[in-house]
Amino acid sequence: MPVDPGRTRPRRSATWAEAPYPIVVADRAGAVVESNDAALTLLPRLRPGAPLDDTVPGWLAASHARLTTPTGDRDDVPAALPGPRAGTGEPVEGMVGDRSFGAHATRRGDGDVVWWLVETTDVRLAEATLAEERRRTSLLAEASNTLLASLNLERCTEATARLAVQHLADAAIVVGPPDGRSLTVTSCATGHPVTRRLVRAEPDIVPGLREALEGFPPVPSRWIDPAALPDWASAEGFTGPVGSVVVTPLPGHGVSAGALVLLRHGDHARFSQSEEVFARLFAARAGAALSAARMYGEQAAITATLTRELLPPTLTQVNGVEFAGGYRAAAAHERVGGDFFDVHAGADASAETLAVIGDVCGKGLDAAVLTGKIRNTLHALLPLADDHERLLNLLNGALLTTEHARFATLALASVRRDGGQVLLRLTSAGHPPPLLVRADGRVEAAATHGTLVGALPTVRASTAETVLQPGETCLMFTDGITEARGGPLGEEMFGEARLRRALGECAGLPAEAVVERVQMLATSWVDSHRHDDMAVVAITAPRHAHLSAVDGHTRGRYTA
């Protein structure tokens, strides 16, 4: 830089005069000794003999004083002033205008100090950028953890609005996918709770909202006029004019999860390009979490609907006969499995009620699906329930024509009340025969047996007929009861003999009490060991039931 001829030019040292860094030499008294051209360009007031206080920034003059003056020798040099310790080689940082420099001190033999000024503006900006990126990365990680902590769609939406207000804007509005002409709007403003409401509006009213809801890239913030926002596109507690708006999509798994609208007050800085990009990164994580929550909710609803059809029914008294059932799946987290039971009531007291218990090969969801098919097929074949063997062969044909390579065992019981007695027709198709608990405590197996269903072209089965006197019970069960392993060593089967002894103690008990007793013993036997599905159905002839007429002359009904 040319120097004013009227100003005395500082003395130059040939060794560093051409150095690219600004260099200033000062004596122990704090006066300028010499400098190079780079220093004159940066600090035009430099001249030999001038005090540093008048020619360089205050932080550099104070650092020089701190370095050349012993602590306490000068009252005008506070001990807390920044600056390097003598001999440490530590630079001191400071600003010259809007540029950042690091000043490195070197002592010469004559006591003068050479200050090398190295610009650190780019380093400072890089460090600030790195710190900001670290902060944003930490925020995105926090957002992911918070949003993915719950698969509840409503809570996830509220968390999205709350996090956006904490870190991105003065107010945030999460707009869900349109449902007809209705929009689900979840909003939040700084210092106020999250609110949720349903509005009837067209997305086109908000610039860029329809595009965001359809998953298209967002329009730049500068293209959106804040004055064009409708009243519903705000948050409770957000007052004053809107200064800037960002509308960005919430991308989901294949479909849009909604849109995020960010608002700032008019007296706050507008969204920068970097902030808009960061808002999109946040929205991407929020959209993934919202989409996962929505998919989980839909799947949970579908699962609940299907599971209701697969769950065993609740059994009560039917046409004067007590029915009770119990079921325990193989896994604690499952509600359905391969064991099942059903009771199909007769049209009236004179018609037979069909009770069915079965065990499908396998366990878990696959077995439950086939269980549902068998139950539905049996329900369709109810008009043929007077002939058990024919019914079983029709069911067998239906199973053989499907892609399921599974078989099942079944036990059927046709039940009809006749005065104080209960008439039974029992048929087993590869299933453990039902056990009959007599009034005197005797336990006997029904004389029925047969082949599996779904394995052979034809089912062969025999039907046994018997009578239950008041207080007597017929117990139908799956092999999950008798084959339950447990006991003192954890490997012994519960067995039919142990089941018979337990039933002998249940003589005269109601059906529900018998089922509860059997389940309690089997559960206690297996303890925490693995076990198969367990199902049990009890059919009991009530002790004191009678047939009463409804109005004195029409067909009566059985009451307990």
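The structure is a predicted model in which local features need pLDDT of at least 70 and side-chain atom pairs count only at pLDDT 80 or more, while totals for chains, interfaces and linings use all residues. Residues are numbered from 1 along each chain as its sequence is written, and side-chain values use heavy atoms, with hydrogens and water left out.

The chain contains 12 helices and 24 strands; helices (H or I, at least four residues) and strands (E, at least two) are DSSP runs, numbered from the N terminus. Of the 560 residues in the chain, 46% are buried. Here buried means under 20% relative accessible area, exposed means over 50%, and partly exposed lies in between, with a 1.4 Å probe and protein chains only. Contact denotes heavy atoms within 4.5 Å. Among contacts between residues at least 6 apart in sequence, 61% join residues at least 24 apart.

Helix H5 (residues 153-167) and helix H7 (residues 273-310) have axes that come within 9 Å and cross at roughly 170°. Axes are lines fitted to C-alpha atoms, for helices over the stretch in contact, and angles run from 0 to 180 degrees between N-to-C directions. Angles under 35 degrees count as roughly parallel, over 145 as roughly antiparallel, 65 to 115 as roughly perpendicular and the rest as oblique. H5 and H7 are therefore roughly antiparallel to each other. On the side of H5, the contact is made by Leu-153, Cys-156, Thr-157, Thr-160, Leu-163 and Ala-164. H7 contributes Phe-282, Ala-286, Ala-289, Leu-290, Ala-293 and Arg-294. By class, this contact has 9 nonpolar, 2 polar and 1 charged residues, where Ala, Val, Leu, Ile, Met, Phe, Trp, Tyr, Cys and Pro count as nonpolar, Asp, Glu, Lys and Arg as charged, and the others, Gly among them, as polar.

Cys-156, one of the H5 residues in this contact, has 2% relative accessibility and so counts as buried. Cys-474 is also buried, because its relative accessibility is 0%. A disulfide is a covalent bond between the sulfur atoms of two cysteines. When a disulfide is taken as a pair of cysteine sulfur atoms within 2.5 Å, the count comes to 0.

Leaving aside neighbours within four places in sequence, Thr-371 is in contact with Gly-337, Gly-338, Phe-340 and Val-360. Beyond neighbours within four places in sequence, Ser-182 is in contact with Leu-198, Val-199 and Arg-200.

Most residues other than glycine have a negative phi. Asn-319, by contrast, has a positive phi, near 50°. Asn-319 lies in the loop between H7 and strand S11 (322-328) and counts as partly exposed, because its relative accessibility is 24%.
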